[in-house]
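Subject: Structure handover

Hello,

Here is the structure I promised to pass on. Please open it first, then read my notes below.

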Amino acid sequence: MMNYMVPSELVHWTMLLETGVEQCSREGYHVCAQMRILFFLLTPLIALLSVSCSSEPPIVIVNPEQARLVRSALAFRHDSSRMDDLSIPTPREHAEFVAQPYYPLTYREWKNAELMGQATADNTSLLIERGKQRGKLFVNGKVAMDFPVSTGRASHRTPLGDFRITEKRRRHISNIYHVSMPCFMRLTDGGIGLHVGEVYRSPVSHGCIRLTRTACEPIFRLARVGTKVCIVE
């Protein structure tokens, strides 16, 4: 594995800030997109200030988690084009939307109104991409919706494979975690499904696939028991 030579302060502040954000998420506080953007902006700034006042030598990072955090901080410091400027309209064509620099991190939802108007329970299917933390609704084989999701964290990974919706419940309470899961669409006997929930640009759930309400509700209306759902890396 590649080693990374970085200032110790960058490691310290990056891990400290992200730990705080994730702790808020776990405790049920809403961590909005702006807060996460602020985290990425503050991390390199504080690190640089710390480095300028410190004589400590760089350290070698061999921990994969530390390396991931450092890469994130450095990427955002040097690539401001990936920040999502919401004053810019969402492109009408899906290929153009995916090609935008902000796409890997955006919370935006893309919809094709014409295809959505043609959608029925018989011509729709879903694709969930764990790596991108995005979902797509297909109508007659064409992308009609592209939306952010949150899948299972490292300790509760959402399973990969081809599934079918086996149950739909508009009001569902988890008998494991005892929390509300609106618009629940079951995929496995073990309780994995799609439902309305807090969505971040990272996998944070206990295995289910969380969608925003604006994405989940139209899908819930269209889907039926038997609708195909493909989960890929």
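Gln133 is buried, with a relative accessible area of 3%. The model is predicted, so please read every value here as computed from it. Gln133 sits in the loop between β4 and β5. Its phi is near 55°, a positive value in a residue other than glycine. As background, most residues other than glycine have a negative phi.

That loop is the turn of a hairpin. β4 and β5 form the hairpin, with four residues between them, and Gln133 is in the turn. β4 covers residues 124-129, and β5 covers residues 134-139. The two strands pair in the antiparallel sense, over six bridges. Thr124 has Val139 in β5 as its bridge partner.

What else does β4 pair with in the parallel sense? Strand β12, residues 228-232, pairs with β4 that way over four bridges. Glu129 stands opposite Val232 in β12.

Is β4 enclosed or open? Five of its six residues are buried, so β4 is largely enclosed by the rest of the structure.

Next, the cysteines. How many disulfides are there? The count comes to zero. A disulfide is a covalent bond between the sulfur atoms of two cysteines. The cut-off used here is 2.5 Å between the sulfur atoms. The sulfur of Cys183 is 4.9 Å from the closest cysteine sulfur, which belongs to Cys216, and that is too far for a bond.

Cys183 is placed in the loop between β8 and β9.

Val179 lies in that loop as well, between β8 (167-169) and β9 (184-186). Val179 is partly exposed, with a relative accessible area of 40%. Which residues make a nonpolar surface patch with Val179? Ile176 and Tyr177 do, and the patch comes to about 260 Å².

One more site to check is Gly117. Gly117 lies in helix α5, residues 113-118. At 67% relative accessibility, Gly117 counts as exposed. The C-alpha atoms of Gly117 and Ala144 are separated by 9.5 Å. Along the chain, these two are 27 residues apart.

Finally, the overall figures:

- The protein has six helices and 12 strands.
- Of its 233 residues, 43% are buried.
- Among contacts with a separation of 6 or more, 61% are between residues 24 or more positions apart.
- The accessible surface is about 12,500 Å², and 58% of it belongs to carbon and sulfur atoms.

Then go to the loop between β8 and β9, where Cys183 is found.

Best wishes

Methods:
Residues numbered from 1 in each chain as written. Predicted model: local features only at pLDDT ≥ 70, side-chain atom pairs only at ≥ 80, totals over all residues. Heavy atoms only, no water. Patch = residues over 30% accessible without salt bridge, like charges linked within 9 Å, V, L, I, M, F, W, Y side chains within 5 Å. Areas by Shrake-Rupley, 256 points an atom, 1.4 Å probe, with all protein chains shown as cover. Salt bridge = Lys/Arg side-chain N within 4 Å of Asp/Glu carboxyl O. Buried < 20%, exposed > 50% of the residue type's maximum accessible area, 1.4 Å probe, protein only. Contact = heavy atoms within 4.5 Å. Pairing = 2+ DSSP bridges.
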